[in-house]
Amino acid sequence: MHRAGTAALTLGALGIVFGDIGTSPLYAVQAIFTGDESPVSPTRGDVFGVISLVVWAVTIVVSIKYLTLIMRADNDGEGGIMALIALVQSHRARRPLAGLGLVALGVFGASLFYGDGMITPAISVLSAVEGLELVDPGLDHLVVPIALAIISGLFLVQRFGTGAVGRLFGPVMAGWFTVLALTGLAEIVQHPGILGALSPHHAVAFFLDRPGVAFLSLGAVVLTVTGAEALYADMGHFGRPPIRRAWFAVVFPALTLQYLGQGALVLRDPSAIDHPFFSLAPQWARIPLVVLATVAAIIASQAVISGAFSVTRQAMHLGFVPRIAIRHTSAKEVGQVYAPAINWTVCAAVIALVIGFGTSERLASAYGIAVTGTLAIDTILFFVVVRTLWKRSLPLTLAGAAAFLTVDLAFFGANVPKIPHGGWFPLAIAAIVFTVLMTWQRGRKLITREREEEEGSLRDFIQSLHDDEMPVERVAGTAVFLHPSNVTTPLALRANVEHNHVLHHCVVIVSVEVERVPHVPPEDRLFVDELGFGDDGISHVKACFGYLDRPDIPAILRTAELHGLERPIDVDDASYFLSRMTIVPTRAPGMRPWRKRLFALMARNSANAAEYFHLPGDRVVTVGSRVDF
């Protein structure tokens with residue numbers, strides 16, 4: 001049973017994790033030889049140099065950096081740049097200024113992911129459908145319409161979830177990697193000399209003979225490692241061992257054979273540089289290969305789209321974005337979520353990219369910047385963790401960081417010339433997303449400060465009830481007030497007493513705290529404080545969730561008695577009180593006026609708190625308030 005479970009996880013990882021990097025052979029080698037910024041010639045020296053660069057880029061970046069090193073930096077089993085940000089935030093408490101800069105850097109890396117998430121579906125689907133041009137050049141006018149139809153359908157089905165389709169991903173991708181290996185191997189058998197490209201000296205010789213061309217070619221070589229971040233980000237779904245096993249046993253050998261095969265083909269037939277992947281297949285197999293490539297591209301796109309939903313949810317729980325509507329599409333898998341606003345925003349951007357760029361070759365120019373930026377930021381954050389949390393020696397940390405950053409920054413520098421030709425797009429998306437995330441985080445701090453002044457001390461408020469300063473009528477039932485802490489008074493509670501002069505017999509103030517870990521165990525999720533004022537029926541409950549947990553308040557309150565709550569709560573019959581703030585930007589210091597207006601706009605359009613906390617809609621009372629900041 002253990003072996004069967006391990007095999008299932010490995011197959012699942014093969015389908016979900018490796019879709020992005022597994023479809024790189026569709027366009028990477030073609031981009032190296034046909035890109036305007038890297039005039040690589042299909043000569044023996046250039047081909048051997050390029051294929052050697054590709055093989056060693058995949059080896060260094062994926063096999064060594066991510067699979068061997070970075071995947072050790074998990075946050076309670078979860079990976080990805082958000083996990084690194086959470087780890088760095090724990091360090092930030094000890095060194096606030098340095099930590100703030102590192103968190104901002106991590107947030108920018110997460111912002112680049114959205115640009116990557118928009119380009120991946122466009123370039124993957126376009127490059128797959130472009131195989132039709134090789135079958136019949138007269139079909140070239142259908143490439144963009146077919147790609148748009150596939151992409152539109154992909155985003156339309158997101159709301160249904162991917163559980164059922166996901167079970168097919170593993171076998172399909174296993175077939176895909178088998179095809180990659182076999183088509184590459186068939187060409188290698190005919191031209192075994194290409195195996196010499198496995199030696200790194202060909203890459204070195206390429207740089208020595210044609211340094212300018214070799215350096216610029218790195219801008220397209222990096223396309224072979226797109227999806228490396230996904231290996232790390234999806235670690236929590238499958239665990240480290242299945243991902244490593246699938247990579248070293250299946251994916252890495254298949255990709256190596258495929259790239260070697262494409263290199264041998266270009267040497268044999270230089271005209272194949274226009275479509276080296278599809279040219280590896282015999283004529284009769286090209287239509288089935290186009291179909292299989294399209295399915296693989298859809299799977300790769302699905303993984304990135306789901307990743308955008310997941311990153312958004314994590315960012316929301318870590319306080320970088322306002323509440324947005326998140327729907328769980330599976331009753332069994334908490335990680336399967338759907339965010340309508342993110343889905344349709346990404347969909348619109350992908351459609352615009354397909355129409356605007358038109359071909360995968362042009363899109364390749366836009367792709368590299370997002371990938372290389374994320375690679376470099378992951379390296380920096382990882383070695384901060386190595387030094388500050390793992391306490392490794394400074395010389396060792398600096399040496400490791402310097403080695404990998406040299407590679408990452410070389411890739412990034414080679415992509416800088418592509419900025420005017422499309423590389424501006426992921427940078428623009430990242431800049432917009434970064435501004436939104438940091439504005440919300442900063443605005444929340446300012447609003448919290450202003451709100452606390454208006455709310456006043458909770459203990460002083462309860463004391464005034466005991467001193468009869470505010471005579472109230474106690475009414476039957478349970479009232480639950482959602483509030484950030486037990487320090488200040490919920491505005492809804494204060495308004496209910498001051499204006500209605502009533503107080504329920506059982507009052508529970510619930511504070512939700514999202515920890516910087518993915519999951520909080522049930523036994524550590526609830527803390528009860530009777531506030532030390534005797535049997536007045538007012539209690540405070542702190543509910544702790546991880547940034548991947550589902551914040552269900554009624555469900556957590558059903559366990560409150562087990563955690564020490566003295567008065568029983570009738571959860572099904574309770575009334576839930578929420579404070580709804582109207583935020584009014586002013587010229588007070590703290591944040592630029594345009595950022596204040598942006599924050600107010602986001603606050604107005606944030607998701608309903610009742611839905612976010614899974615409160616029964618017919619038992620929610622919302623009390624309005626105004627906050628100037």
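1. The lining of the second largest cavity divides into 4 nonpolar, 3 polar and 1 charged residues. Here Ala, Val, Leu, Ile, Met, Phe, Trp, Tyr, Cys and Pro count as nonpolar, Asp, Glu, Lys and Arg as charged, and the others, Gly among them, as polar. The lining residues are Leu26, Gln30, Ser127, Glu130, His275, Pro276, Phe277 and Phe278. Helix H15 (residues 276-279) gives the most, with 3 residues. Helices (H or I, at least four residues) and strands (E, at least two) are DSSP runs, numbered from the N terminus.

2. The model is predicted: local features need pLDDT of at least 70, side-chain atom pairs count only at pLDDT 80 or more, and totals for chains, interfaces and linings use all residues. Residues are numbered from 1 along each chain as its sequence is written, and side-chain values use heavy atoms, with hydrogens and water left out.

3. The second largest cavity holds about 40 Å³ of space. The count is 3 cavities of 30 Å³ or more. A cavity is a set of points on a 1 Å grid over the protein atoms alone where a 1.4 Å probe fits but cannot get out; lining residues have an atom within 4 Å of a point. Grid points are joined across faces, edges and corners, and a volume is the space filled by probe spheres set on the points.

4. There are 14 aromatic pairs in the structure. Rings of Phe, Tyr and Trp (its six-membered ring) pair if their centres lie within 6.5 Å; planes under 30 degrees apart count as stacked, over 60 as edge-to-face and the rest as tilted. Phenylalanine 108 and phenylalanine 434 are edge-to-face, at 5.8 Å centre to centre and 80° between the planes. Phenylalanine 108 lies in helix H6 (residues 96-129) and phenylalanine 434 in helix H20 (residues 424-455), so the pair ties together parts 326 residues apart in sequence.

5. Phenylalanine 382 and tryptophan 390 also pair edge-to-face: 5.7 Å centre to centre, 85° between the planes. Phenylalanine 382 is buried at 4% relative accessibility; tryptophan 390 is partly exposed at 27%. Buried means under 20% relative accessible area, exposed over 50%, partly exposed in between (1.4 Å probe, protein chains only). Ring pairs link Phe382, Phe383, Trp390 and Phe404 into a cluster.

6. Strand E4 (residues 502-514) runs parallel to strand E3 (residues 473-482), joined by 8 bridges. Strands pair if DSSP finds at least two bridges between them. Valine 480 has valine 508 of E4 as its bridge partner.

7. In helix H11 (residues 211-221), the buried residues include Val213, Ala214 and Ser217.

Technical notes. On a 1 Å grid over the protein atoms alone, a cavity is a set of points where a 1.4 Å probe fits but cannot get out, and a pocket is an open set with protein on both sides within 12 Å along at least five of seven lines; lining residues have an atom within 4 Å of a point.
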